[in-house]
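Please keep the sequence and the model in view while reading the points below.

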Amino acid sequence: MKEVTTAFITGVGGQDGGYLAELLLARGVEVHALVLEGESTPDVPGAVRTHVGDVADVAGTRALLLDLAPDRVFNLAAISSVAQSWSEPDRTALVNGTAAVGLLESAYRVAERTGRQVRFVQASSAEVFGQPPSSPQDESTPVRPINPYGAAKAYAHLMVAVYRGRGLHASSLVLYNHESPRRPAGFVTRKITRTVAAIATGADDAPARLVLGNLDARRDWGWAPDYVAALAAAADAPHGDDYVVATGVAHSVRDFVAAAFARAGVSDWEGLVEVDPALVRPADATELVGDASKARTTLDWTPTVDFAGVVGRMVDADLALLR
Ligand code: GDP
């Protein structure tokens, strides 16, 4: 395989983008990335060459890609939360769906124009499975989303396969929930670890209670840097393909809360948690848990941090921020 020299990352300002940029830079790859005008990118390494733009501007992004002619395109740009997609479904369709197709076409044209192979990797999501009929899910599970986020991601996921049919080395990674201390507080894990750390340390602005929605939802929570390694491995594989990336172990939101309080040394926590029906979503998958056997076998990928490890690292990081 020709040595990879240039990668292009969209959504570099998000949790995964920073970790992916770090990984690629460590391998000597020249990393270019798209950032939104005025976007704050505290976790993006200084060596990343940033370009101001928006994936939703398909023409502008295409001109940039044709100019840079990267070997790899990683599409991580997205309205990243299901919660937000309910309030902005049309923008979600544009950013998570149409823009991905724009990038696929751009990658295809770069390959055509340069005569070199361009490898495309889509960060897809377990939400494409919606309320799946069985657990764990794998690559053969029907794509049947139940929220605007999942539906837009499903369109992009299906279009990756269409471009594969046209000869593009394109992969879609169905990523299950993956967390880290860089996770924004709009996600339940970080919301929990931040609030628990504030309560445990008696911080001045600590809320009296941890207010959550559905405590019974079960998710397969992994460690974000592991999932980014899977994205890189998919680009390195001989052929493009679809992969489920998950730990294979599900826990409830309640389990996460219990583990977080335990880690922070708070034993009597039941009275500190309150359910607000307004935070319960119009439709919410009961359980999402993935079978990553194919990624394990084909990409030689294994998760390195389990549930307790993820909770522990996130709580410790939030405690450290307060101390
Ligand atoms: P998602 O799976 O990508 O939507 O990631 P989230 O971290 O936002 O949500 C994970 C699960 O936690 C979903 O089933 C939510 O319904 C549930 N959940 C329960 N309470 C909350 C909350 O207060 N905030 C968020 N974001 N999710 C919550």
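This is a predicted model: local features need pLDDT of at least 70, side-chain atom pairs count only at pLDDT 80 or more; totals for chains, interfaces and linings use all residues.

Across the interface of domain 1 and domain 2 the salt-bridge rule finds 0 salt bridges, whereas the count of residue pairs in polar contact between the two domains, both residues being at pLDDT 80 or more, is 6.

- The domain assignment gives domain 1 as residues 6-178 + 224-245, and domain 2 as residues 188-219 + 249-289 + 304-322.
- The C-alpha centres of domain 1 and domain 2 lie 28 Å apart, and the contact takes 15 residues from domain 1 and 12 residues from domain 2.
- Between them, domain 1 and domain 2 bury about 1,100 Å², with 51% of that area on carbon and sulfur atoms.
- Of the area that domain 1 buries against domain 2, 35% is supplied by Trp86, Gln131 and Asp226, which is more than any other three residues supply.
- Helix H3 (residues 82-87) provides 3 residues, the largest share of the side of domain 1 that touches domain 2, and by class this side has 8 nonpolar, 5 polar and 2 charged residues.

**Surroundings of the ligand**

- There are 16 residues around the ligand, and among these Val188, Lys191, Gly213, Arg281 and Asp284 come nearest.
- A polar backbone atom of Val188 is 2.8 Å from an oxygen atom of the ligand.
- Side chains also take part in such pairs: a polar side-chain atom of Arg219 lies 3.0 Å from an oxygen atom of the ligand, and a polar side-chain atom of Asp284 lies 2.7 Å from an oxygen atom of the ligand.

**Salt bridges**

- Side chains of opposite charge can pair when their charged atoms come close.
- By the rule used here, the count comes to 18 salt bridges, and one of them joins Arg27 and Asp236, whose closest N and O atoms are 3.6 Å apart.
- Because Arg27 lies in the loop between helix H1 (15-26) and strand E2 (30-35), while Asp236 lies in helix H7 (residues 224-236), the pair ties together parts that are 209 residues apart in sequence.

**Backbone geometry**

- Most residues other than glycine have a negative phi, and most peptide bonds are trans.
- The peptide bond from Ser135 to Pro136 is cis, with omega near -5°, and Pro136 is found in the loop between strand E5 (119-125) and helix H5 (148-165).
- Ala69 has a positive phi of about 45° although it is not a glycine, and Ala69 is found in the loop that runs between helix H2 (58-68) and strand E4 (72-75).

Definitions and conventions:
Residues are numbered from 1 along each chain as its sequence is written. Side-chain values use heavy atoms; hydrogens and water are left out. Domain bounds come from an automatic or database domain assignment. Contact means heavy atoms within 4.5 Å. Buried area is the accessible area (1.4 Å probe) that two parts lose on being put together, summed over both. A salt bridge is a side-chain nitrogen of Lys or Arg within 4 Å of a carboxyl oxygen of Asp or Glu. A polar contact is a pair of N or O atoms within 3.5 Å; within protein, one must be able to donate a hydrogen and the other to accept it, and residues adjacent in sequence count only if both atoms are side-chain atoms. Helices (H or I, at least four residues) and strands (E, at least two) are DSSP runs, numbered from the N terminus. Ala, Val, Leu, Ile, Met, Phe, Trp, Tyr, Cys and Pro count as nonpolar, Asp, Glu, Lys and Arg as charged, and the others, Gly among them, as polar. A residue is near a molecule or strand if one of its heavy atoms lies within 4 Å of it.
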